[in-house]
Amino acid sequence: MGAELVAKAADRVVAACSAFGQTLKNGGIAHINISTIRADSLLSDRRIVVTGGGSGIGLAIAKKCVDSGASVVITGRNEDKLAAAVESLGTKCASYLVWDITDSSIVDDKIKYCDHLLNGIDVVVNNAGVEPREFFPDVTAEEWDRVYETNSRGTFLVSEGFCRYWMEHSSGSYRYLINISSQGGFVGATYPYRMSKWDIRGLTEGLGLAMAPYGVLVNGVAPGVVKTAMQDFALNQGNNIYCNQNPLKRVALPVEIAELVSFMVSGACNFMVGQTIVVDGGFSLRG
Ligand SMILES: NC(=O)c1ccc[n+]([C@@H]2O[C@H](COP(=O)([O-])OP(=O)(O)OC[C@H]3O[C@@H](n4cnc5c(N)ncnc54)[C@H](OP(=O)(O)O)[C@@H]3O)[C@@H](O)[C@H]2O)c1
């Protein structure tokens, strides 16, 4: 009996030494918690900022997040729109902050205020963006500046600010930055809107790499045509969602983008870094 116990203990010591040797060989120790999806509490306790959350895709993301247990701050330029959006969310877990992302001088103050409202920040969805108004070969310098100051420069400065915040506020849990690009970031670009969406895709890769060591997972979503104010024609069609731009022959609804974003920040998708997921009904597969 005594000899048997000694033999078992020896086996355990050998196994432990072998595991330690393997750890040294691999170069480090890592621990991870993987979550599985439970719809009603998918995002419980997550503190989330959605830029441009007063309408369209951003509002759908905010709704999905609060319905899944998160606290959310939505931002934008138009206070009336933001207040109405918060009311439509119908919960004390949603609030708003007026924030024009083209103003570089206020970024740090606005982030501090988000931190104050939410008591910490776990997730940022960079969704604010403006639509294209001019197309090649008739694009003016003014159109370039108008689109770029929000979609590219503004998104960059907001991202940089939140990344700096996260670098200064370390956490034992992952944090998430989701950038909304576009199907236009995956096909040839001849006008500023599409070019700005290529920028977002590149930024997502770059920040993905730079921020992973800080536990910040940066990824993106590239929607195709979505039925929002940005797509007048789709709104004008009422309940008809037909669209001839993609092989599914339809537009997407904002909730379809929100579902993906909520999954990406849920903890069930923690090994993805710097990727932009295309949700475009097949548009960008065209030759
Ligand atoms: N709809 C589509 O087909 C489609 C397709 C691909 C990608 N996207 C992208 O999805 C995102 C959301 O667009 P959407 O379709 O939901 O259109 P939307 O309803 O017009 O939403 C855009 C939001 O951005 C905010 N915004 C614009 N400029 C801003 C600024 N300078 N500072 C702060 N907020 C600003 C707007 O709020 P305020 O007016 O209050 O400022 C608005 O709530 C955009 O990045 C867009 O490029 C849309």
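Biologist: What share of the contacts in the chain with a separation of 6 or more comes from residues 24 or more positions apart?

Modeller: Such residues account for 67% of those contacts, where contact means heavy atoms within 4.5 Å. Please keep in mind that this is a predicted model, in which local features need pLDDT of at least 70 and side-chain atom pairs count only at pLDDT 80 or more, while totals for chains, interfaces and linings use all residues. Residues are numbered from 1 along each chain as its sequence is written, and side-chain values use heavy atoms, with hydrogens and water left out.

Biologist: How many helices and strands are there in the chain?

Modeller: The chain has eight helices and seven strands. Helices (H or I, at least four residues) and strands (E, at least two) are DSSP runs, numbered from the N terminus.

Biologist: Why is T204 called buried?

Modeller: Buried means under 20% relative accessible area, exposed over 50%, and partly exposed in between (1.4 Å probe, protein chains only). T204 has a relative accessible area of 0%, so it is buried. This threonine sits in helix α6. Leaving out residues up to four places away in sequence, T204 touches N179, V218, N219, G220, G274, Q275 and T276. The buried residues of α6 pack against α5 (141-168), β5 (175-180), β6 (216-223) and β7 (276-279).

Biologist: And T150, why is that residue called buried?

Modeller: With a relative accessible area of 10%, T150 is buried, because the limit is under 20%. T150 belongs to helix α5, and its contacts beyond four places in sequence include I101, T102 and A128.

Biologist: What makes β1 and β2 a pair?

Modeller: Two strands pair if DSSP finds at least two bridges between them. Strand β1 (residues 47-51) and strand β2 (residues 71-76) have five, in the parallel sense, so they pair.

Biologist: Which elements make the right-handed β-α-β unit?

Modeller: β1, helix α2 (residues 56-67) and β2 make that unit. Right-handed means that, with the strands pointing away from the viewer, the path from the first strand over the helix to the second runs clockwise.

Biologist: Which residues touch the most other members of the largest nonpolar core?

Modeller: They are I61 and V72, in a core of 35 residues. α2 gives the most to this core, with six residues. A nonpolar core is a set of buried Ala, Val, Leu, Ile, Met, Phe, Trp, Tyr and Cys residues joined through side-chain atoms within 4.5 Å. Beyond four places in sequence, the residues that V72 touches include I48, V50 and L118. Another core lies apart, with 24 residues, among them W99, L157, F162 and W166.
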